[in-house]
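Here is a friendly walk through one protein model. Have a look at the fold first, and then we'll take it piece by piece.

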Amino acid sequence: MKEIILAKYGEIILKGGNRSRFENILMSNIKNALRNVADTKLRLAQATVYVDVEDENKIDLVMERLAKVFGIVAIARAAVCEKDIEEIKATAKEYLKNDLTDGKRFKVEAKRSDKKFPFNSPEICREVGGYLDDEYPGIIVDVHNPDVTVKVEVRDYSAYVYAAQNKIQGQGGMPIGTGSKATLLLSGGIDSPVAGHMISKRGVEIDAVNFFSFPYTSERAKEKVIGLASIIAQYTSKINLYIVPFTEIQLQIRDKCPEEHMTLVMRRFMMRIAERLAMQHKSKALITGESVGQVASQTLAALDVTNSAVDMPILQPLIGMDKLEIINRAMEIGTYETSILPYEDCCTVFTPKHPTTNPKRENIEKSESKLDTEALIEAALMNIEKIEVYPQ
């Protein structure tokens, strides 16, 4: 029995006259996601991408990849048959025999896109439902609370049958490349990878920048960040990761600034360097993983001081989330286990014992005035390492 994958997209259908552009980008992203995975043929019609997999043993793998493509809301593995009511009945009986077991409650839902088909949607439901009820005496019709919803779609080319309960939820959102580009400040922690994923979900392509303080942070910490970037790249196809040498800046801050100001001065340097990189690589915004009140540097006063260091828009998608929500999201996208590996990043190595929680911008700027800010930034920018990160 021939099988095919139906990848449904959602928000794109609201794009009116621009819809074809979004659809074309989605198709390109699907091709990239399936490259080197399986030979496929793609066709797009009526808010669905039809994915015909040459080797049916790879269908599950293809579905896993599709589930990480932004813009797709659901993926179903379906049987294909002729647009004939008897063929549809027979296909449903055979294809769903492992779902329609004794005691199961079921109903049929039909969609008839081909208006030339001689049965309308309610008639298809009655015909297929009655047939299955006769063929499987142990099942029970229940249109209000079914265990199995038999889906029948009569489209322009063929008819398709599947069980709604076997669908896989997609990422939703918008296809990568439809929302310009932003630069993610990527640490080795839990929060920033989640922030990057959430902004990418809106169609935004992302670069990433990490601040590396060798020998205070180890090569293992660097590998951890690359690992996080490769997990995010499963959803974005590729990430350009910029590793910024940050040791000299942190040493200068430690030696010349009050201890309680160290974290905020350091973060202001990070923001400035990330902004310079973003401008070089045509990013329109910065992405950070702050959540209000989570740590001392994330009070509203501290965020004001940090964000005032740059002019570029700053996207902070986690700002109102608590830690448990962020951890749950990290588990969902697959970054959590890597994020908790015990390799410190530069933010934790030079953490003061008693950071200020209610800083005044003028006081932090006064501390910064003791540093040659421009020279330190230029030196860091001259020694950046660029790594092209692909899906893990």
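Helices (H or I, at least four residues) and strands (E, at least two) are DSSP runs, numbered from the N terminus.

## What you're looking at

This is a predicted model, where local features need pLDDT of at least 70 and side-chain atom pairs count only at pLDDT 80 or more, while totals for chains, interfaces and linings use all residues. Residues are numbered from 1 along each chain as its sequence is written, and side-chain values use heavy atoms, with hydrogens and water left out.

## The whole protein

The protein's secondary structure comes to 14 helices and 15 strands. Its C-alpha trace spans about 85 × 35 × 35 Å along the principal axes. Of its 392 residues, 52% count as buried; buried means under 20% relative accessible area, exposed means over 50%, and partly exposed is in between (1.4 Å probe, protein chains only).

How much of the contact count comes from residues 24 or more positions apart? Among contacts with a separation of 6 or more, such pairs account for 80%. A contact here means heavy atoms within 4.5 Å.

## Surface and charge

The accessible surface comes to about 18,200 Å², and 48% of that belongs to carbon and sulfur atoms. These areas come from the Shrake-Rupley method with a 1.4 Å probe; for residues, only the protein chains shown count as cover. As for charge, there are 51 positive and 55 negative side chains, and the centres of the two sets lie 4 Å apart. Lys and Arg count as positive, Asp and Glu as negative, with His and the chain ends not counted. Each charge is placed at NZ of Lys, CZ of Arg, CG of Asp or CD of Glu.

Val 292, Leu 300 and Ile 319 make a nonpolar surface patch of about 260 Å². Patches are made of residues with over 30% relative accessible area and no salt bridge, joining like charges within 9 Å and nonpolar side chains (Val, Leu, Ile, Met, Phe, Trp, Tyr) within 5 Å. A salt bridge is a side-chain nitrogen of Lys or Arg within 4 Å of a carboxyl oxygen of Asp or Glu. Val 292 sits in the loop between strand 13 (286-287) and helix 9 (300-307), and it is partly exposed at 41%.

Most residues other than glycine have a negative phi, and most peptide bonds are trans.

Pro 215 belongs to the loop between strand 11 (205-212) and helix 6 (219-236).

Leaving aside neighbours within four places in sequence, Ala 182 is in contact with Val 204, Glu 205, Ile 206, Asp 207, Ser 283, Ala 285 and Ile 287.

Ser 367, in helix 13 (residues 361-368), is buried as well, at 3%. Not counting residues up to four places away in sequence, Ser 367 touches Cys 257, Pro 258, His 261 and Val 265.
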